[in-house]
Amino acid sequence: MAVVISVANQKGGVGKTTLTMNLGYALADMGKRVLLVDIDPQFNLTFGLIGMKVLEYGDRNVGTLMTRESEIEESLVHIQENLDLVPSHLNLSAREIEIINAYNRERRLEKALLPVLPDYDYVLIDNPPSMGIFLVNSLTASDYVLIPLELSYFGVIGMQLMFNLMRMIREETNENLKLLGLVPNKFTKQTKVPKLRLKELKETYPDAPILTTIPKAIALEKAQSEGKSIFEFEPQNRAAKAFQKLAKEVVEIAEG
Ligand SMILES: Nc1ncnc2c1ncn2[C@@H]1O[C@H](COP(=O)(O)OP(=O)(O)O)[C@@H](O)[C@H]1O
Ligand SMILES: [Mg+2]
């Protein structure tokens with residue numbers, strides 16, 4: 001039975017999509033069966049993985065799944081061994097109103113994923129930065145939240161928003177939601193600031209597990225623009241090693 005993990009942060013540009021994609025590849029390389037779900041109307045993950053082919057999935061994507069116009073089995077795109085994708089689509093944002101007015105609106109994703117959970121070890125959901133019906137569906141369907149963040153002043157204090165949202169979800173729709181951990185991203189040793197912020201992060205949120213730090217690496221950005229994982233683009237890169245280490249850490253926590 002798959003462990004479902006939401007990669008979330010209400011801040012944009014912190015590395016949600018990069019983390020979802022590369023953690024997915026790292027887990028798949030370890031032999032885990034992984035399903036990636038793109039629930040961001042900006043479909044960056046989908047575009048990164050299948051490019052213009054995104055256009056072919058207008059009637060079978062995460063949005064049509066949630067409105068029950070498609071079934072999960074027909075909405076899966078095979079990426080490589082052990083790695084599948086439920087794509088997002090250009091028309092996802094237009095479906096928001098429809099989903100908001102639908103019965104059981106917070107559980108539409110959870111219910112749609114249920115039939116394939118036995119086929120995977122991990123489901124990783126890439127989320128939009130905004131706090132809306134898509135993020136609520138994702139957190140309601142998840143066992144864990146994984147939070148990438150940048151070690152800036154607002155990056156650190158912004159965690160409070162995420163923790164508030166998680167508390168609300170636990171109270172209303174998913175009492176079992178757990179924090180898998182925080183993943184400091186774009187770490188650089190060039191100034192002392194990130195290290196200082198990391199210390200602050202530990203002091204401000206002493207109960208939050210802080211997982212493997214991902215270094216700032218131009219190769220990650222280049223890989224993304226070519227639609228490749230860091231493992232395909234530059235397997236020897238420090239960031240590739242960091243994602244492998246993170247994958248092991250995630251497996252240890254999730255599988256005990
Ligand atoms: N560790 C990193 N080093 C360098 N660039 C990064 C790193 N992580 C993410 N990026 C880049 O930062 C930008 C935002 O990342 P992205 O994953 O799209 O964030 P989000 O999904 O949270 O909006 C992208 O251009 C991405 O390539
Ligand atoms: Mg994104």
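Q: Which elements each supply at least two residues of the shell around ligand 1?
A: This is a predicted model, in which local features need pLDDT of at least 70 and side-chain atom pairs count only at pLDDT 80 or more, while totals for chains, interfaces and linings use all residues. Residues are numbered from 1 along each chain as its sequence is written, chains are lettered from A and ligands are numbered from 1 in the order in which they are written. Helices (H or I, at least four residues) and strands (E, at least two) are DSSP runs, numbered from the N terminus. At least two residues of the shell around ligand 1 come from each of α1 (16-29) and α10 (218-225).

Q: How do the residues of the shell around ligand 1 divide into nonpolar, polar and charged?
A: The shell has 17 residues, the closest being Gly15, Lys16, Thr17, Thr18 and Glu221; a residue is near the ligand if its C-beta atom, placed from the backbone, lies within 6 Å of it. Ala, Val, Leu, Ile, Met, Phe, Trp, Tyr, Cys and Pro count as nonpolar, Asp, Glu, Lys and Arg as charged, and the others, Gly among them, as polar. The division is five nonpolar, eight polar and four charged.

Q: Which residue of β6 is the bridge partner of Ile5?
A: Strand β1 (residues 3-7) pairs with β6 in the parallel sense, over three bridges. Within β6, Ile5 is bridged to Tyr144.

Q: Which residue of β7 is the bridge partner of Pro148?
A: β6 also pairs with strand β7 (residues 178-185), in the parallel sense and over seven bridges. Pro148 has as its partner there Val183.

Q: How many of the residues of strand β6 are buried?
A: A residue is buried if 20 or more other C-beta atoms, placed from the backbone, lie within 10 Å of its own, exposed if 12 or fewer, and partly exposed in between. In β6 (residues 144-150), Tyr144, Leu146, Pro148 and Glu150 point one way, Val145, Ile147 and Leu149 point the other way, and all are buried. The strand is therefore largely enclosed by the rest of the structure, its count of buried residues being seven of the seven.

Q: Which residue in β4 stands opposite Val34?
A: Strand β2 (residues 34-38) and strand β4 (residues 83-86) run parallel and are joined by four bridges. Opposite Val34 stands Leu83.

Q: Are α1 and α12 roughly parallel or roughly perpendicular to each other?
A: Their axes, with helix α12 covering residues 238-255, come within 9 Å and cross at roughly 70 degrees. Axes are lines fitted to C-alpha atoms, for helices over the stretch in contact, and angles run from 0 to 180 degrees between N-to-C directions. Angles under 35 degrees count as roughly parallel, over 145 as roughly antiparallel, 65 to 115 as roughly perpendicular and the rest as oblique. The two helices are therefore roughly perpendicular.

Q: With which residues is Ala242 in contact, leaving aside its neighbours within four places in sequence?
A: Ala242 lies in helix α12 and counts as buried, with 22 C-beta neighbours inside 10 Å. Its contacts beyond those places are Thr212, Thr213, Ile214 and Pro215.

Q: What distance separates the C-alpha atoms of Val3 and Tyr120?
A: Val3 belongs to strand β1 and is buried, with 20 other C-beta atoms within 10 Å. Beyond its neighbours within four places in sequence, Val3 is in contact with Tyr122, Asp143, Tyr144 and Ala254. Although Val3 and Tyr120 are 117 residues apart along the chain, their C-alpha separation is 8.2 Å.

Q: Does Asn104 count as buried or exposed?
A: Asn104 is in the loop between α4 (96-100) and α5 (108-113). Its phi is positive, about 60 degrees, although Asn104 is not a glycine. With 8 C-beta neighbours inside 10 Å, Asn104 counts as exposed.

Q: Does Lys186 count as buried or exposed?
A: Lys186 sits in the loop between β7 and α9 (193-204). Its phi is near 60 degrees, a positive value in a residue other than glycine. With 22 C-beta neighbours inside 10 Å, Lys186 counts as buried.

Technical notes. Pairing = 2+ DSSP bridges. Contact = placed C-beta atoms within 7 Å.
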